[in-house]
Amino acid sequence: MKKPNLFIIGAPKCGTTFLYHYLKEHPDIYFPDFKEPHFFGSDLIRRHGAYNLNLEEYQNLFKTDKKVVGEASTFYIFSKESAKEIYNFNPKAKIIIMMRDLVDLVHSMHSQFVFSGDEIVEDFKEALDLENERLNGRNIPDQTTVLNKLFYINNILSLPQNIKSFIDYFKEDNIKFIFLDDIRNNPNKVFFDTLKFLNVDTNIDAPKFKIINQNKIYKSRFIRNFIKKYSIGLGKIRSFFSNKPLGIIRLLESFNKEEISRDSISNSLRDDLSKKFNNIDLKLKKIANKNY
């Protein structure tokens, strides 16, 4: 059993599932099937027993002798505490940070949370307008598992300081930034550059890349809500008999999804959000030394 020495810390909907999926195929790299354990980040507000692994349960996810042992919990990037906590757990870890256009990021997160059932307000602007109330504990959907998922604007505004915290702890040499546009434009380069960053064998055939984790909508609200309400409890019952997921919830979710393009944002809302995020965007590009 090893401690994880690679953390893909988010952001959500920025290609984290793509990277997890293809790195997992490499013979020197191990990721558990439980992609997002969210063990760290003590300031994340969890509910309904979600992500409540103890240390032994967390470490039991990583029974392997492979060189690189990773996990990919996308909300670490929205936590003020996760950098310090991960560093205290394994100061020799490497960190991968995934980014994209900030307006598209917050829009995509909303769509994902509507699909998963964490968000019940399906109009994007309406959900954004509720944020101040939600920060004060009002208008929270009963089935939301991590309240921070609903703090759309606040999550974006927190990015520079949270990322700076990872850099302060782990130093620049141990951190890699990957932008979603780079994955779209040249997935082969991103993949092999990442292998070099991880110091693993690059003398392998390139995977046949395809889009992973496309935008989804649910077919049945009843099935979506059933999955959200009972999946944690069913998982705990299953754990008494087997350490491995049976795949029933995943099968239900697959049956209930349809991959489809998101509705576009109105020009006025996109302009408003672009202005709101402009200073954050400049800070992030400076931190990541990204010029485009």
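Trainee: Which ring does the charged end of Lys94 sit over?
Mentor: The ring of Phe197, with the charged end 4.7 Å from the ring centre. Keep in mind that this is a predicted model.

Trainee: Got it. And what does Lys3 lie over?
Mentor: Lys3 lies over the face of Phe89, at 4.8 Å from the ring centre. Phe89 also belongs to a cluster linked by ring pairs, together with Phe7, Phe39, Phe40, Tyr58, Phe62 and Tyr76.

Trainee: How many aromatic pairs does the structure hold?
Mentor: There are 20 aromatic pairs.

Trainee: Let's stay with Phe7. Which residues does Phe7 touch, leaving out those up to four places away in sequence?
Mentor: Among them are Phe40, Tyr58, Tyr76 and Phe89, which are members of the ring cluster as well. Phe7 also touches Glu71, Ile86, Ala93, Lys94, Ile95 and Ile96. Lys94 is the residue whose charged end sits over Phe197.

Trainee: Which residues have the most contacts inside the largest nonpolar core?
Mentor: Phe7 and Leu23, in a core of 78 residues. As background, nonpolar side chains tend to be buried together in soluble globular proteins.

Trainee: You mentioned α9. Is Asn185, in that helix, buried or exposed?
Mentor: Asn185 is in α9, residues 180-185. Asn185 counts as exposed because its relative accessible area is 64%.

Trainee: Switching to helix packing. At roughly what angle do the axes of α4 and α13 cross?
Mentor: Roughly 115°, and the axes come within 8 Å. Helix α4 runs over residues 102-116 and α13 over residues 267-288.

Trainee: Which residues meet there?
Mentor: From α4, Leu102, Val103, Asp104 and Val106. They meet Arg270, Leu273, Ser274, Phe277, Ile280, Asp281 and Leu284 of α13. The residues of this contact divide into seven nonpolar, one polar and three charged.

Trainee: Why is Ser165 called buried?
Mentor: Ser165 is called buried because its relative accessible area is 14%, and the cut-off for buried is under 20%. Gln161, on the other hand, is exposed, with a relative accessible area of 53%.

Trainee: How far apart in space are Ser165 and Ile77?
Mentor: They are 9.9 Å apart, C-alpha to C-alpha, although 88 residues separate them in sequence. For Gln161 and Asp118, which are 43 residues apart along the chain, the C-alpha separation is 26 Å.

Trainee: What about Glu172, where is that?
Mentor: Glu172 is in the loop between α8 and β5, and is exposed, with a relative accessible area of 55%. The C-alpha atoms of Glu172 and Ile95 are 9.5 Å apart, with the two residues 77 apart along the chain.

Trainee: Where are His48 and Tyr51?
Mentor: His48 is in the loop between β2 and α2 (55-59), and Tyr51 lies in the loop between β2 and α2 as well.

Trainee: What is phi for each?
Mentor: Phi of His48 is near 60°, and phi of Tyr51 is near 55°. Each value is positive in a residue other than glycine.

Trainee: Why do they count as partly exposed?
Mentor: His48 counts as partly exposed because its relative accessibility is 49%. For Tyr51, also partly exposed, the relative accessible area is 24%.

Note on methods
Residues numbered from 1 in each chain as written. Predicted model: local features only at pLDDT ≥ 70, side-chain atom pairs only at ≥ 80, totals over all residues. Heavy atoms only, no water. Phe/Tyr/Trp six-rings, centres within 6.5 Å; stacked < 30°, edge-to-face > 60°. Lys NZ or Arg CZ within 6 Å of the ring centre and 35° of its normal. Core = buried A, V, L, I, M, F, W, Y, C linked by side-chain atoms within 4.5 Å. Buried < 20%, exposed > 50% of the residue type's maximum accessible area, 1.4 Å probe, protein only. Contact = heavy atoms within 4.5 Å. Axes fitted to C-alpha atoms, helices over the stretch in contact; angles between N-to-C directions. Helix = DSSP H or I, 4+ residues; strand = E, 2+ residues; numbered from the N terminus. Nonpolar A, V, L, I, M, F, W, Y, C, P; charged D, E, K, R; others polar.
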